[in-house]
Protein chains: 2
Amino acid sequence: MIRHSLLPLALLALAAGSAPVPSPADIVSAAPTDDWEEIPADDVLVMTLTGGSTVTIQLVRDFAPVHVANIRKLVAAHFWDGTTVNRVQENYVVQWGDASEKKPLPADLQVARAKDYTRPLAGLDFQPLPYRDAYAIRVGHSHGWPVASDGKQAWLPHCFGMIGVGRNLAPDTGSGAELYVVNGHAPRHLDRNIAVVGRVLDGIGALTTLPRGTASLGFYEKPEQRTGIMSIRIEATQRWQMMRTGSASFAALTSARANRRDPFFNVPAGGADICNEPVPIRKAPPSSNHG
Amino acid sequence: MIRHSLLPLALLALAAGSAPVPSPADIVSAAPTDDWEEIPADDVLVMTLTGGSTVTIQLVRDFAPVHVANIRKLVAAHFWDGTTVNRVQENYVVQWGDASEKKPLPADLQVARAKDYTRPLAGLDFQPLPYRDAYAIRVGHSHGWPVASDGKQAWLPHCFGMIGVGRNLAPDTGSGAELYVVNGHAPRHLDRNIAVVGRVLDGIGALTTLPRGTASLGFYEKPEQRTGIMSIRIEATQRWQMMRTGSASFAALTSARANRRDPFFNVPAGGADICNEPVPIRKAPPSSNHG
């Protein structure tokens, strides 16, 4: 596709492989401070498992407000302390909550409905990606999150590491007390059928390496197989940053991922799945401002 | 989208939710014997890990013939006995082989080249799916395997559970001695850049639950962190079957997955990712013929 005779010498050298092309990791490393933004401290939860492993979670701001408000109340009530991880299904989800389904919920939870599974695309600061998607008409990012849309409504896709609200058959039965994280290929058929409320920022291995449940749907057969949850708390000590999805660095990153030209690659894909375009996350450098 | 006034009563009842619609699992359970075919016994490998866990692997027939022929020679030479799982990278791959890179290879291995990463679409018994894909112009199945294509060449996509041949920077450096399995969201940017040679039929949890490596790219930092491989052998005792991808059952299954109308679902997706359309695999029922 590249016609060498029309290229200046510097690009000829690149095309010939004599100078390395930045990899996605190179672009992330080189991103200037302004291309990162602080994740609000009260959006960051830390789940501590029996044994001391921790999983750091970010709640979303622009989607599923009723579910997310419920989750904040459940955290404040220490609802998950002493509950368990109840389900680990290979290439699907890891799910946790009160296995007895009898633990009292905080009295002030709101009923979240199917209409809360999506929101209008209008009002989002949406950066579309020019890629085909099997499940949506448009995909892209908004304020640090992957987004899928039918052109009118928008929703968070069920990518690896995204967290959703378990429910029963009726769509208004998910309070937020039962949560799961995607541990495999994105089960995008769940999009618009379940509320996605956040993602794992760090430590997902503590969940993805758990033994798979051998009962139906990956639930554990015996109570003693479940891993205990010591607590889920707002975590204000470690500060986290996400790359600004409107930044030049992120635009370069998404393009580089879709068109890999670093030395290992021979055939650039020419596109990328929205779930292969995750937003870079990092611990805030010691020198950075809280702003 | 369904106009009730035009529907016969039976469909009205379905649309109203008063009769259950078959789920993908229901369709698999109901598939007649003729819609399954035996997997050739000499395509089935069993990897036994230290501790006794086993992972069952199927080699592909219609793709990557040079790499697959090499793998058969490596199995026959017992090459992997005493090697290790060296890399577990979250949401990417689990990789195994000779960590020293000094173990002698069988003398008769062939050099596999980049041209072997794809093959012509012509000649395949290809059942296309009508879904958009970020990485390929056409996706579908052929003789029990997922397939992606640009309309001329065809290749096996890097779905969860698919096995590829590790290599160095030059595309002809992958003999087949270093293998990996996808353990997360499909890294489809690897398609056409690496040879895909098979898939895990059973027991993938023995690999996906291993501790993640903490060195670069998920390699283990210390040799003692690696899990040992006792052997990889052709396994002729357990017979396996795959659903015929040209069968009516498989057509119904792919459609049902893309348009979930079983009771949990409110919004059918209208499409599906090729990696969310895996071919059902089962142990051969005791009564079935070997044919």
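Glu90(B) is partly exposed, with 22% relative accessible area. In this predicted model, the side chain of Glu90(B) forms a salt bridge with that of Arg212(B), at 2.8 Å from N to O. Arg212(B) belongs to the loop between α4 (205-208) and β14 (227-234) of chain B, and Glu90(B) to the loop between β4 (84-88) and β5 (93-97) of chain B, so the pair ties together parts that are 122 residues apart in sequence. Arg212(B) itself is buried, at 18% relative accessible area.

A corresponding pair occurs in chain A, where the side chains of Arg212(A) and Glu90(A) meet in a salt bridge of 2.8 Å. Here too distant parts of the chain are linked: Arg212(A) sits in the loop between α4 (205-208) and β14 (227-234) of chain A, and Glu90(A), 122 residues away, in the loop between β4 (84-88) and β5 (93-97) of that chain. Arg212(A) is buried, with a relative accessible area of 17%.

Another salt bridge in chain A joins the side chains of Arg72(A) and Asp43(A), at 2.6 Å from N to O. This pair connects helix α3 (residues 65-76), which holds Arg72(A), to the loop between β1 (36-38) and β2 (44-49), which holds Asp43(A), across 29 residues of chain A. Arg72(A) is partly exposed at 29% relative accessibility, whereas Asp43(A) is buried at 1%. Both residues belong to a network of salt bridges that also links Asp42(A) and Arg61(A). Over all chains, the structure holds 24 salt bridges, including those tabulated here.

| Salt bridge | N to O distance |
|---|---|
| Arg72(A)–Asp43(A) | 2.6 Å |
| Arg212(A)–Glu90(A) | 2.8 Å |
| Arg212(B)–Glu90(B) | 2.8 Å |

Between chain A and chain B, by contrast, the count of salt bridges is zero. The interface does contain 25 residue pairs in polar contact. By class, the side of chain A that touches chain B comprises 22 nonpolar, 13 polar and 10 charged residues. Contact involves 45 residues of chain A and 45 residues of chain B. About 3,800 Å² is buried between the two chains, with carbon and sulfur atoms giving 55% of that area. Within chain A, Arg132(A), His185(A) and Phe264(A) lose the most area to chain B, and together they account for 20% of what that side buries.

The loop between α5 (248-258) and β16 (281-283) of chain A contains Arg260(A). Arg260(A) is buried at 17% relative accessibility, and its side chain makes a polar contact of 2.9 Å with the side chain of Asp262(A). Leaving aside residues up to four places away in sequence, Arg260(A) touches Pro24(A), Phe265(A), Pro268(A) and, in the other chain, His189(B).

Ala272(A) is placed in the loop between α5 and β16 as well, and it is buried at 3% relative accessible area. With residues up to four places away again not counted, Ala272(A) touches Tyr131(A), Ala258(A), Glu277(A), Ala134(B) and Tyr135(B). Ala258(A) is one of the buried residues of α5(A), among them also Phe250(A), Leu253(A) and Arg257(A). The buried residues of α5(A) pack against α2 (24-30), β7 (126-129), β8 (138-142) and β15 (240-243) of chain A.

Note on methods
Residues are numbered from 1 along each chain as its sequence is written. Chains are lettered from A and ligands numbered from 1 in the order in which they are written. This is a predicted model: local features need pLDDT of at least 70, side-chain atom pairs count only at pLDDT 80 or more; totals for chains, interfaces and linings use all residues. Side-chain values use heavy atoms; hydrogens and water are left out. Helices (H or I, at least four residues) and strands (E, at least two) are DSSP runs, numbered from the N terminus. Buried means under 20% relative accessible area, exposed over 50%, partly exposed in between (1.4 Å probe, protein chains only). A polar contact is a pair of N or O atoms within 3.5 Å; within protein, one must be able to donate a hydrogen and the other to accept it, and residues adjacent in sequence count only if both atoms are side-chain atoms. Contact means heavy atoms within 4.5 Å. Buried area is the accessible area (1.4 Å probe) that two parts lose on being put together, summed over both. A salt bridge is a side-chain nitrogen of Lys or Arg within 4 Å of a carboxyl oxygen of Asp or Glu. Ala, Val, Leu, Ile, Met, Phe, Trp, Tyr, Cys and Pro count as nonpolar, Asp, Glu, Lys and Arg as charged, and the others, Gly among them, as polar.
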